Amino acid sequence: MSPIVWVLTIVGLLAIVAFDLIVIARRNHTVTIKDATRWVLFYVGLAGLFALGLFLFSPGQSGSEFVAGYITEYSLSVDNLFVFVIIMARFAVPALAQDKVLYVGIVVSMALRAIFILAGAAAISAASWVFYVFGAFLVYTAVRLVLEGENDESDFQENAVLRGLRRILPLSHDYDGDKLVSRAGGKRLLTPLVVVIAAIGMANVIFALDSIPAIFGLTQDAYIVLTANAFALMGLRQLYFLIGGLLERIVYLNVGLSVILAFIGVKLIIEALHGSHIDDIGAIHLPHIGILTSLGFIVGTLFVTTVVSLLKSSRDNRREAVRVDVDD
């Protein structure tokens with residue numbers, strides 16, 4: 001992409017972030033399901049319009065790569081929501097303040113992810129062997145996801161950084177609504193929301209260690225990687241309020257995500273081998289996995305994961321209801 005397109009895109013993304021802040025500042029009630037649904041559709045619509053612009057005005061496979069990257073990043077980001085729920089509960093964040101906390105934490109992580117993306121793009125352009133590293137890491141992450149099983153409270157623990165913030169920053173003991181700064185005993189103190197924002201931001205960055213190599217397995221265009229990440233993260237906050245209760249029913253989410261990560265990891269390794277002029281391993285021919293094939297596999301895996309998870313949850317609920325009736 002030309003420098004002008006980069007500048008216009010960044011200005012557009014910053015405008016959306018600023019608009020979001022204005023909406024939060026004017027909201028004087030907790031986020032309802034209706035609010036969350038409307039805003040999720042708004043951000044998915046924005047991503048759709050951006051993809052349409054790429055299909056119409058950008059040559060090559062930019063549009064398909066963006067769609068595949070966006071769906072991958074958004075689906076991998078859903079796993080973040082489990083941790084967000086745990087953080088909100090662990091810190092007992094007031095309901096009215098949760099929207100603001102997520103907004104600031106996600107904006108901070110967007111800036112940090114941009115640095116990671118540019119560093120990853122530079123590493124790939126400098127050395128093709130980085131594909132082997134990314135591919136192996138994704139396969140390892142996929143295996144780890146399967147072995148870890150369902151998400152629970154052990155997925156989040158206060159690390160040394162958060163404990164250090166508690167010791168260094170002048171923090172008040174209690175929340176003051178959704179304020180980041182409060183007065184206590186004549187002193188201006190930071191509220192515990194500052195620590196919560198730091199926890200949200202760090203969780204998002206840690207998850208980026210998996211998702212950014214994954215999207216580089218679909219495209220090596222830094223522009224596509226950056227915009228797909230930005231649109232996925234901008235819609236993540238509203239998704240938290242929309243499907244917070246539904247997350248517990250998607251019991252096979254980790255399995256589905258592990259299959260996607262393993263697929264992209266293998267794809268990266270195959271591409272690295274092709275780049276080294278290795279097209280066959282013994283009698284096994286290494287296929288070229290195109291972007292449309294990748295997109296179809298990702299969407300299909302997410303669909304099967306969701307359907308099977310909901311069927312299992314429904315069956316478990318019926319069994320629980322029968323057991324309660326028998327006990328009564």
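H4 provides the largest share, with five residues. By class, the lining of the largest cavity comprises eight nonpolar, no polar and two charged residues; Ala, Val, Leu, Ile, Met, Phe, Trp, Tyr, Cys and Pro count as nonpolar, Asp, Glu, Lys and Arg as charged, and the others, Gly among them, as polar.

The second largest cavity has a volume of about 40 Å³ and is lined by Arg27, Val31, Asp35, Ala36, Trp39, Asp99, Arg237, Gln238 and Phe241. At least two residues of this lining come from each of helix H2 (33–57) and helix H9 (236–243). Four nonpolar, one polar and four charged residues make up the lining of the second largest cavity.

Helix H7 (residues 193–216) has 24 residues, and the distance from its first C-alpha to its last is 34 Å, close to the 34 Å expected at 1.5 Å a residue, the expected span being 1.5 Å times one less than the number of residues. Because 19 of its 24 residues are buried, H7 is largely enclosed by the rest of the structure; buried means under 20% relative accessible area, exposed over 50%, and partly exposed in between (1.4 Å probe, protein chains only).

In the loop between H7 and H8 lies Leu218, which counts as buried at 5% relative accessibility. Leu218 and Lys267 are separated by 49 residues in sequence and by 8.5 Å in space, C-alpha to C-alpha.

## Helix H8

H8 has 13 residues and reaches 18 Å from its first C-alpha to its last, close to the 18 Å expected at 1.5 Å a residue. This helix is mostly covered, with 13 of its 13 residues buried. At its start, a side-chain oxygen of Asp221 comes to within 2.9 Å of the backbone nitrogen of Tyr223, a polar contact being a pair of N or O atoms within 3.5 Å, of which, within protein, one must be able to donate a hydrogen and the other to accept it, while residues adjacent in sequence count only if both atoms are side-chain atoms.

Tyr223, placed in helix H8, is buried with a relative accessible area of 4%. Tyr223 and Leu118 are 105 residues apart in sequence and 9.3 Å apart in space, C-alpha to C-alpha. Thr227 also lies in helix H8 and counts as buried at 1% relative accessibility; the side chain of Thr227 reaches the backbone oxygen of Ile224 at 3.2 Å.

Ala92, in the loop between helix H3 (62–90) and H4, has a phi near 50 degrees, a positive value in a residue other than glycine. At 53% relative accessibility, Ala92 counts as exposed.

Helix H10 (residues 253–275) has 23 residues that should span 33 Å at 1.5 Å a residue, and its end C-alpha atoms are 33 Å apart, which agrees. Just after H10, His277 takes a positive phi of about 65 degrees.

## Basis of the values

Residues are numbered from 1 along each chain as its sequence is written, and side-chain values use heavy atoms, with hydrogens and water left out. As the model is predicted, local features need pLDDT of at least 70 and side-chain atom pairs count only at pLDDT 80 or more, whereas totals for chains, interfaces and linings use all residues.

Terms used: Helices (H or I, at least four residues) and strands (E, at least two) are DSSP runs, numbered from the N terminus. On a 1 Å grid over the protein atoms alone, a cavity is a set of points where a 1.4 Å probe fits but cannot get out, and a pocket is an open set with protein on both sides within 12 Å along at least five of seven lines; lining residues have an atom within 4 Å of a point. Grid points are joined across faces, edges and corners, and a volume is the space filled by probe spheres set on the points.
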